Amino acid sequence: MDKIRICDLVCNSVWYDPRVIKQIDEYYNNGFDLYVIGVEDDRYKEDEINKLKGSVKIIKLKDRLRKRKNIFNTILKKIYYLRSIICSIVKCSPDIIHANDLNALLPAYIASKKLKCIVVYDSHEIFTENIGVVSSWIRRTYWRIVERAIIKNVDLVVSVSNAAAEYLSNLYNIPKPLVVTNCSKKPIIDNTVIKSDKFEVLNHGQFYEGRGYEIMVEAAKITDNYDISYVLRGFGRLENSLKQMVIDNNLNNVKFDPPVKTTELVSYARRSSVGIAITLPMNINFRLTISNKIFEYLAAGLPVIMSDIPEHRYLNEKYNFGIVLNENTAEALKDAVLLLYYNRELYEEYSKNAIKASNELNWESEFKKLIDIELKLLYNI
């Protein structure tokens, strides 16, 4: 029997999207005939793309479209990308199209009408509420019309959290989407990792608004007389202002570590004692999502201090791996850090529960749910 052909589609340069990279690995490792389609964007790196498994097609703009910048040319670019993606999908002739996010769903759905194949809509977020879309009522209205028109006609909708799945279900009156959390791969226990000689509180990721980095620096300020260190690992537009906060307050217990590859986040996290995952409810996506870093902390065996949003609360009630803050303040964060600092028995309990949760909440197990349903849809069983 011929291999099942999967077209994994994303409207970026593929290599830096962790969820897509994990999809590619799992589809390939499970023996599917994998065909990946992406588009060239500002982060395009050919050497990284060449490392990907399966056959990869990156659609690039023609020079005449790339150089001109005006509204008319922007429309032409959109049309060019849409037609090129559809043609690439049709040429690939897949059994299943896995469309990552709403901008990939439109060409996937159009191509599926010609191919009579299965379409999976993997909603990484509430697309119509992301910053780039919601800032323009034209874009937002357009994408809402597209999503409403297509979502009831795809074979399967996938969401990254229970809260987001409920939202989509209620918004479009569809069955609750399959939840495939964006968790880490199965942890490989490394007993050679050397822990920091201090009680180290870690917050890794991109330094953007709404992620609680300022709160963490403020908490460091009011725990400056304890043997506790705070590590911010990553990069982002808040980096300079955060460093200035540290300088202005003359803090010696805060350090900035450079970013590491996504594949190294867990191993580096193991050096720390506690993971911080604060998401401020600034918009719908921040309220309904779950911080990916939580899964990385769990895989590293770290107790987690997290903000009180639905998915954080849901997971912690189920697995009991940390502390949900009653408010997003430096004082509340300080109290949580000190509780884990002083209460070793509670710390060990959360750490053990984190590892247990990670053994269940791993990418291989989560993605198997999707593969099982895709096979059922394909063979009508």
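**Figure 1. Overall dimensions of the predicted model.** For 381 residues, a compact globule would have a radius of gyration near 21 Å; the protein has 22 Å, which agrees. That radius is taken over C-alpha atoms, and the globule rule is 2.2 Å times the number of residues to the power 0.38. Along the principal axes, the C-alpha atoms fill a box of roughly 65 × 50 × 40 Å. The model is predicted: local features need pLDDT of at least 70, side-chain atom pairs count only at pLDDT 80 or more, and totals for chains, interfaces and linings use all residues. Residues are numbered from 1 along each chain as its sequence is written, and side-chain values use heavy atoms, with hydrogens and water left out.

**Figure 2. Secondary structure, burial and surface.** The protein has 17 helices and 13 strands. Helices (H or I, at least four residues) and strands (E, at least two) are DSSP runs, numbered from the N terminus. Buried residues make up 53% of the 381 residues. Buried means under 20% relative accessible area, exposed over 50%, and partly exposed in between (1.4 Å probe, protein chains only). The protein exposes about 18600 Å², and carbon and sulfur atoms supply 51% of that area. Accessible areas come from the Shrake-Rupley method with a 1.4 Å probe; for residues, only the protein chains shown count as cover. Among contacts between residues at least 6 apart in sequence, 68% join residues at least 24 apart. Contact means heavy atoms within 4.5 Å.

**Figure 3. Charged side chains.** There are 53 positive and 48 negative side chains. The centres of the two sets lie 8 Å apart. Lys and Arg count as positive, Asp and Glu as negative; His and the chain ends are not counted. Each charge is placed at NZ of Lys, CZ of Arg, CG of Asp or CD of Glu.

**Figure 4. Close-up of the Phe207 and Phe256 rings.** The whole structure holds 14 aromatic pairs. In the pair of phenylalanine 207 and phenylalanine 256, the ring centres are 6.3 Å apart and the planes are at 80 degrees, so the pair is edge-to-face. The pair links distant parts of the chain, 49 residues apart: phenylalanine 207 is in the loop between β8 and α9 (213–221), phenylalanine 256 in strand β10 (residues 254–257). Rings of Phe, Tyr and Trp (its six-membered ring) pair if their centres lie within 6.5 Å; planes under 30 degrees apart count as stacked, over 60 as edge-to-face and the rest as tilted. Phenylalanine 207 is buried at 0% relative accessibility. Phenylalanine 256 is partly exposed at 22%. Elsewhere, Phe199, Tyr226, Tyr341, Tyr342 and Tyr347 form one aromatic cluster.

**Figure 5. Close-up of Arg43.** Arginine 43 sits in the loop between β2 (33–39) and α2 (46–49). Its relative accessibility of 42% makes it partly exposed. Beyond its neighbours within four places in sequence, arginine 43 contacts Ser13, Trp15 and Tyr16. From arginine 43 to serine 13 the C-alpha distance is 6.7 Å, across 30 residues of sequence.

**Figure 6. Close-up of Ser184.** Serine 184 belongs to the loop between β7 (178–179) and β8 (199–206). Serine 184 is buried, with 12% relative accessibility. Leaving aside neighbours within four places in sequence, its contacts are Lys22, Val266, Phe295, Glu296, Ala299, Leu361, Asn362 and Trp363.

**Figure 7. Close-up of Pro107.** Proline 107 lies within helix α5 (residues 102–115). Proline 107 is buried, at 1% relative accessible area. Not counting residues up to four places away in sequence, proline 107 touches Leu9, Leu82, Ile85, Ile86 and Ile89. Arginine 140 is 33 residues from proline 107 in sequence and 18 Å away, C-alpha to C-alpha.

Figure 8. Glutamate 166 is part of helix α8. Glutamate 166 is partly exposed, at 38%. Its C-alpha is 7.8 Å from that of proline 177, 11 residues apart in sequence. Asparagine 173 is in the loop between α8 (162–172) and β7. At 63% relative accessibility, asparagine 173 is exposed. Asparagine 173 is not a glycine, yet has a positive phi of about 55 degrees. Most residues other than glycine have a negative phi.

**Figure 9. Close-up of Asn320.** Asparagine 320 also has a positive phi, near 55 degrees. Asparagine 320 is in the loop between α14 (310–319) and β13 (322–324). With 30% relative accessibility, asparagine 320 is partly exposed.
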